[in-house]
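Follow the salt bridges through this model.

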Amino acid sequence: MMNIGSARFLGLSAIVAALTGCGGAAVSSTSGGGSTAAPPDAPRTSTGEAVSAEAQNYWRDGLAAFAQHEGSGWNEDACAAVAERFDDAAEAQGGRFPEALYMSGLTHAKCNDRTKALELYNRALAVNNKFCKARVMIGLDQTSQNQDAAAMQTFARAIADDAQCTEGYVNLAALQRSSGQPALVRDALNNLRRALAIDAQYLPAFNEMALLYIQESDRNPSEAAQRLDLAAVVCRQAQQINRDYGPIYNTWGLIYVKKNNIIEAVRMFERAANLDARNFEAWMNFGTMVIGFRGYEDAKRAFERAVELDPRSYDAHLGLGAALRGLNQFDASVAEYNKAKEVDGTRPEAFFNLALISHNYRGGSEEVLNEAKTQYEAFVAKAGSNTRFAEAVTDVTRRCNLERARRGRRRSTSQCRPGFLQQIEIVASTRAEMAELQRVQQEMQQRMAAQQGAAGASPAPAPEGAPPAPAAPATP
């Protein structure tokens, strides 16, 4: 159905931290009292400007509200209210408060308002063009738009502007790792080491390093076991720093998948999801694993959460459709597969799954089977020569010489099994033959009834006293 995934970049929550270092300001949450002027010992923004008491109050309220909704969840009203607090903080500072502008943008991103978020990140950079966090967020947006080359330049610029920009190092390393080029993978490892030299407890760097070792286990099969062991050691180190850091358990689960320890993999994915309910990949991985054990209820719960987190995820809708099909909720399953088609109509998987439901679970009427045939044909066309779908394409298109088999020339355990399209054709042909047979039988019955009606006309009665009619001669 889908491949177990791994996080490619730091999530938003990974770079929401106290704005100290990396171009940030040590902005206090302490009220400055009734005065709006900045006291002599007031904290300063990344540009060196003292933060007024009024701006501090708005900032404090914004951070508290942001933290609250990170735990309870976001909606449009919450995003608007929290962003307004940070906007007020920036306005109270005369618009020269890059940290508040950045947090306002981050809040809008929580409700998928990409345009507004980017506007605010750029406003933060207009105040401080070396503000690490805002530039990193622009780079992350570029990765979400598959603009990897541009994102690489953005992360490199963030590091060049601020040598303490840990987020820049780690996200650049993620891109370098995912390129698969040996030289860039080496650069990725060096960038992760730089991030850890800046902050020895920076957990996203540990997580990305573990992912790098997992990837290297695939690239170097002879050293796979050693690389996976290194990845596990990195996960253990991260756990010792913070046992509640969810992403590391998702990565740990990937290690167990590679080691074919499925039970431990499921446990790790579930823990990652429970520690961070916003961890999309943990929910996806957990759902993908348990559906293999026919744990359809757990899979349904996981994929529903994944769809909630990312309604535009093709794979999340595909997974939820599979779980619902396993629960015999076919109408709901069809709805999810259709949503996947709306997300990406070029991918073949949804067409195949819709065809299976029409073929096997919707009563088998001529109309439904024709619909299944159309869906199978669309699947084959969209799958093309992609080797990932080769087996399924064969299952759909395989054709057997059924006449030869009927004559007994192929009687063995390896007898050809018709593909799905041919199965539908066989059903249609059998129905046509049965209909023709029924028509012929009806005609015969009608002729017989007509003949019996004609023969059944009684002759006129013989006169009284007439001799009886002679008996018919016996048949020799």
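Aspartate 298 and arginine 301 both sit in helix α14 (residues 296-309), 3 residues apart, which puts about one helical turn between them. Helices here are DSSP runs of H or I with at least four residues, strands are E runs of at least two, and both are numbered from the N terminus. The two side chains form a salt bridge, with the closest N and O atoms 3.8 Å apart. The term means a side-chain nitrogen of Lys or Arg within 4 Å of a carboxyl oxygen of Asp or Glu. Aspartate 298 is partly exposed at 36% relative accessible area. Arginine 301 is partly exposed too, at 35%. (Buried is under 20%, exposed over 50%, partly exposed in between, with a 1.4 Å probe and protein chains only.)

This is a predicted model: local features need pLDDT of at least 70, side-chain atom pairs count only at pLDDT 80 or more, and totals for chains, interfaces and linings use all residues. Residues are numbered from 1 along each chain as its sequence is written, and side-chain values use heavy atoms, leaving out hydrogens and water.

Now turn to glutamate 349. Its side chain meets that of arginine 388 in a salt bridge of 3.5 Å, N to O. Glutamate 349 lies in helix α17 (residues 349-360) and arginine 388 in the loop between α18 (366-383) and α19 (390-397), so the pair ties together parts 39 residues apart in sequence. Glutamate 349 is buried, at 6% relative accessibility. Arginine 388 is partly exposed, at 46%.

Salt bridges also link Glu70, Lys110, Asp276 and Arg278 in a network. The count comes to 28 salt bridges.
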